[in-house]
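The following note concerns aromatic pairs and charged side chains. Please read the points alongside the model.

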Amino acid sequence: MSSAVQSLPATMPLAFSDFTVVTSLGRGRDNTVVALREGRSALASCTFDNFPFPTYVGEIAGLDAAPLRGELAGFDCRNNRLAAITLREDNFVESVAVARQRYGAARIGVFVGTSTSGLLQTEAAYRRREPITGRLPPDFDYPRTHNTYSLARFVREVLDLAGPAFVVSTACAATAKVFATAARMIAADVCDAAVVGGADTLCATTLYGFHSLGVMSEEPCRPYDSERCGISLGEAAGFVLLERPDHRHGADTILLLGYGESSDAYHMSSPHPEGLGARIALEAALASAGIKPDAIDYINLHGTATSVGDSTEDRAVFDVFGAATPCNSTKGFAGHTLGASGVVEAAFCALAMRNGFLPGSPHTRSVDPRLKSRYVREGYPVHIERVVSNSFGFGGANCSIVLGIAT
């Protein structure tokens, strides 16, 4: 049985007062938009952690050389390092400081997502176990480095916030669902603004885990391609400051217009074969935004390049939108960033709307003729006002969000 979670109309819209993103494409909005415009992929042959099987990944350079120091040293792990770098891009810390002065630290929520959090730190600790007792090394700090709440705790520390905070860990839907969480919390007057987003980084468990499932491509991923053969993993982080729009927000402000959530409860790793949960999430997102399918100018697909995943999403998208609305997957740019993919692709959509172009789909050569949606391989200049972005996770956790640009 599937179920949908409807939004509270009073929450909408919410403004992206600021946002930041870091992927293997580059650090910050400016580097990201250049790569998206050029259709330049950052996927490269995997050398991470001596992984022995051929695959391509979107690894971010420089994380090993950026340890956390001083008061933040106890949080040091790859995931929190990436979060720290991202928070300091695009003047995001400064924007949150202004909001903190406006509302007070206790009135800004922190709702972030991740899938593996700092699991790499635990893997490293297990390799250093005491040989006789098997005890983990005394310097291993699980609460601040691996526990999923580590990320929210760390973001609060960096941004000096004291409002409600928690982490959503619903695999690949995590950082899409935090937009819905923030909307509900603001509507309930629990907070006046929210920092949403998250981070996910590469680790051995993820690499070996997806390889064991037989869904990892040996070449750069090719979403919706007739010869697609699996995912390319990536790592990334992104954060958005959400507030109710007011006179401070200009004509290019990105707005969260609606969201829809559903649960397939069909299979631990496979989507419903008819795309039922995805369709319910899409319909709920449009309903919460108060718009019809023909008002959407672009759909950013979940599009992981697996055979079953792409075909079931295509069925859901075609059932709701038909073949008129342009859509594609941007995972060929920086890989499938798992728990971070929702906020990363929201940032990609925001940049596309602000800069007047539709991003392409690197590595996709020939669209599968069995798929019915209007899949776009090459990007092009175009005015985009409203988009839908899909994020679907293991266990049938689905979330679609509707974004628009203020006019």
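**Notes on aromatic pairs and arginines**

1. Phe53, at 32% relative accessibility, counts as partly exposed (buried means under 20% relative accessible area, exposed over 50%, partly exposed in between; 1.4 Å probe, protein chains only). This is a predicted model, in which local features need pLDDT of at least 70, side-chain atom pairs count only at pLDDT 80 or more, and totals for chains, interfaces and linings use all residues. Residues are numbered from 1 along each chain as its sequence is written, and side-chain values use heavy atoms, with hydrogens and water left out.

2. The structure holds 9 aromatic pairs (rings of Phe, Tyr and Trp, the last by its six-membered ring, with centres within 6.5 Å; planes under 30 degrees apart count as stacked, over 60 as edge-to-face and the rest as tilted). Phe16 and Phe179 are stacked, because their ring centres are 5.8 Å apart and their planes are at 15 degrees. The pair links strand β2 (residues 14-23) with helix α7 (residues 174-187), 163 residues apart (helices, H or I, at least four residues, and strands, E, at least two, are DSSP runs numbered from the N terminus). Phe16 is buried at 1% relative accessibility, and Phe179 is buried at 0%.

3. Phe53 and Tyr208 form an edge-to-face pair, with centres 6.3 Å apart and planes at 80 degrees. Tyr208 is partly exposed at 39% relative accessibility.

4. Phe16, Phe19 and Phe179 form one aromatic cluster. Arg29 lies over the face of Phe19, 5.2 Å from the ring centre (the criterion is NZ of Lys or CZ of Arg within 6 Å of the ring centre and within 35 degrees of the ring normal).
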